[in-house]
Amino acid sequence: MIRMLGLQLRRDRLTMAVWILGTALLALGSVAAVAKEYGTHHEQATVLRLALANPSVLAFRGAPNGASTGSMLWFELFTWLAVVVGLMNTFFATRHGRADEELGRRELVAAAPIARSAPLAATLVLGVIANAVLGLLLAGAFAAGNADAADALTAGATFAVTGLAFLGVGLLVGELAPTGRSANSIGVAVVIAAYVLRAGGDALGTVHLSSLTLHPAWLSWVSPIGWGEQTLALTDDRVALLLPGLALALVTAVVALVVHARRDLGASLLPDRPGRAAASPLLRGTFGLTWRLHRPALIGWAAGGAVLGLATGSLAHAAGDLAASGSPQIVQTLKLIVPGGRGELVSLFLGVLMLLVGLLAAAAGIQGALRMRQEEAEGRAEPLLAAPVSRSRLLRDAWIVGALAAIVVMAAAGVLGWLSLIGTDPDVAARALGQALIELPAALVFPGIAALAVAVLPRAAVAITWALFAIAIVLGLFGELLRLPQRVIQASPFDHIPNVPFDDAGPSVILLAIDVALAIAAVVLIRRRDLTT
Amino acid sequence: MTHAIEAAGLVKTFGRTRALDGLDLTVAAGEVHGFLGPNGAGKSTTIRVLLGLLRRRSGTVTVLGRDPWRDAVAIHRDLAYVPGDVALWPNLSGGETIDLLTGLRGGADLTLRARLLTDFELDPKKKGRGYSKGNRQKVALVAAFARRAELYVLDEPTSGLDPVMESVFQAEVRRVASEGATVLLSSHILSEVEQLCERVTIVRAGRAVESGTLADMRHLTRTSIRVTTAADPAAIARLAGVHDLQQEAGALVFDVDTDRLDGVLAALTAAGVSALTATPPSLEELFLRHYGDRVALEEPAA
């Protein structure tokens, strides 16, 4: 057991360290940002009142509890951090569980003189340690934001317990699912379901505007993220609400251990579905193949775009109402929430939200274009290239699928934004759709960069592309907050996208030309290099 | 076109490693050509150059009369390939993979496809991630054989197959050869090559060290004999086809040309035999015996 623990720790030290430290840094950064932006009681009250009037904001964020920094932090941070913590735990459980078993590494270990349950028990222990460390670091982050020590510790414990609940679920899923991939999909689905239940419960809850509090509907009470949120750790003392999470962790872990002790190596309760005996006509070419490989990811990205589109609709609507009410104080506060600071309020809102959608679309596009590299590195491009298929064609197909993914994300966001506004405010609805479409030329730069990197620097392509994307995120979302020079911010293609309505389509046309040029350069240059694994 | 593959002086380097160091390879149209060598000798690298997946640093090469780097797509219309290490798409079934790969070449011959699936006992509905190594290899083999090609390039295609499946594979190679196709079969197993190939090229450290018909290479197909006998060692040594006779712990140890076994065994039994083992030399032994010194001399340079 101890050796198994050592082995798993050794294999996972970097991955887990990145997850834990990344989450803690995210929390620390957000704590600082919230303290800076909503420092005064008055600002907090204004923002929370706006939020409570808007079910979609409550669904998106969480439940406030009075006007204070602690309430503000919990409202802004808890549910999203809980999603990150949940994903960390389910991925962790699969990495050391079903994925290991599927790839045959478990067989090597199981043949050694150790108990059958030792690997699972070791995963459990390591997971508990990881969540405890994460909880302590998060407590530290909240303490750094001036929460008192007891509150900060409760907050850390809440995250740790939420994590443990998902760890148990992840371990159980690993016993049931046939493959590492399906285990991860089910794990992600469970985390998202927990978030969505909580979102529904908070959106449908009873609002008390006078005290700025929210009593969530029952939906929140069947979600581990809902239980965690309702501890209201930074403003209240409801430690008893840690119990349901602990109980879920305990029950799922015990069931996982029992199932594990009784089943064969490689067996699973859910069968792996058989595939088709022959390919459908859609799968007869490389484009069909690339599309088929990228389809599940694309559906996920499009769903993300759709959710952001819906949120855009209701937020833009609210912003429009507020701007119309004309209270300069509120307008001022809203401008504080939104980075940027030019243009009128609705345009500003649409611009920022659609920038988020644009980044999402860019990420979907990058993933599609990098597919070629993944296929090449894992040896699956070789049989294709040994058929009458050129490298240029493979890369072209990957780029097209990436570009399509980006377009689908933008279209999903734009159309849903439009649909959610068309009944009440046709003018803003058209603007939302327009703003979504106008972001496309900037988003499409990224699949182009990915394709070019694959063509020229295959081994570094993945790292280079995502690094450039991360820089674009920082420039776009935090550039003005960090007071970076304007010249630096302009390095991001998204900075050249105008807000709707606009006069000058020139930058968009130039960006489109750059997109096409990048893709053509990539397709031409990849002819010159060896297949590289 | 008399040669399906013609390569001369091929050089390929990866950083400081010289994977191919002036390799020559000639495969006549319509022959089954063995491409032999120990692991790491440069077989797969050569094949990837022939497929246009890697660009040669120097040397000349034509495949089906064309330059494989420039005209890869055109060549591949008439070519079927089985990689040494078969990676499948985890969420595509075997049947889908076969249809995809043959579809790129113009589509499978459906009766052939059905027969191959039966002969290789392959379940086409299983997902790629569910196949064992041998079954992954079968998927690639069915995809290669389910549509006729002019040239078949097979990189250690039997490394994961059991003996029954190996004989199915050999039957397929004989079928396509009888239909006039050219086959390049890379392997590190001498007996497999002996059963299928008319001509053989042997590579070592990125160079062809031997090339010719199997008859030319009789010295490579000798059988090693260890026998305890009353026969006179000097008389045995004088027999036609006996080489390198030595006396070890009361036994005679020597090599015999395989086509002279008859006479040697007759002489041995006539004199009386109390114990006998006969082993075909492994490829590694052959290399050690025939190229050991030369390779040892070259090693520092490589």
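Predicted model: local features only at pLDDT ≥ 70, side-chain atom pairs only at ≥ 80, totals over all residues.
Local features need pLDDT of at least 70 and side-chain atom pairs count only at pLDDT 80 or more, while totals for chains, interfaces and linings use all residues. Residues are numbered from 1 along each chain as its sequence is written, and chains are lettered from A and ligands numbered from 1 in the order in which they are written.

**Chain B: domains and sheet**

Select chain B and colour residues 3–216 as domain 1 and 222–279 as domain 2; these bounds come from an automatic or database domain assignment. The C-alpha centres of the two domains of chain B are 39 Å apart.

Next, display the open sheet of 6 strands in chain B, ordered β5-β6-β7-β3-β8-β9 with mixed pairing. Strands (E, at least two residues) and helices (H or I, at least four) are DSSP runs numbered from the N terminus, and two strands pair if DSSP finds at least two bridges between them. At the edges are β5 (79–82) and β9 (207–213) of chain B, each pairing on one side only. On average, neighbouring strands of this sheet are turned by 15° against each other, direction ignored.

Zoom in on β3 (32–36) and β8 (199–204) of chain B, a parallel pair with 4 bridges. Here B:L36 has B:I202 in β8(B) as its bridge partner.

Residues are in contact if their C-beta atoms, placed from the backbone, lie within 7 Å. Helix α5 (133–145) of chain B lies across β5 and β6 of chain B, at about 175° to β5(B).

**The contact between the chains**

Show both chains: 32 residues from chain B and 27 residues from chain A form the contact. On the chain B side, α2 (72–76) and α3 (94–104) each supply at least two residues, and α3(B) gives the most, with 7 residues.

**Chain A: a helix pair**

Finally, select α8 (149–176) and α11 (242–262) of chain A, whose axes are 8 Å apart at an angle of about 25°. The two helices, α8(A) and α11(A), are therefore roughly parallel (angles under 35 degrees). Among the residues that meet are A:V161 and A:L164 in α8(A) and A:L246 and A:A249 in α11(A).

Note on methods:
Contact = placed C-beta atoms within 7 Å. Axes fitted to C-alpha atoms, helices over the stretch in contact; angles between N-to-C directions. Parallel < 35°, antiparallel > 145°, perpendicular 65-115°, else oblique.
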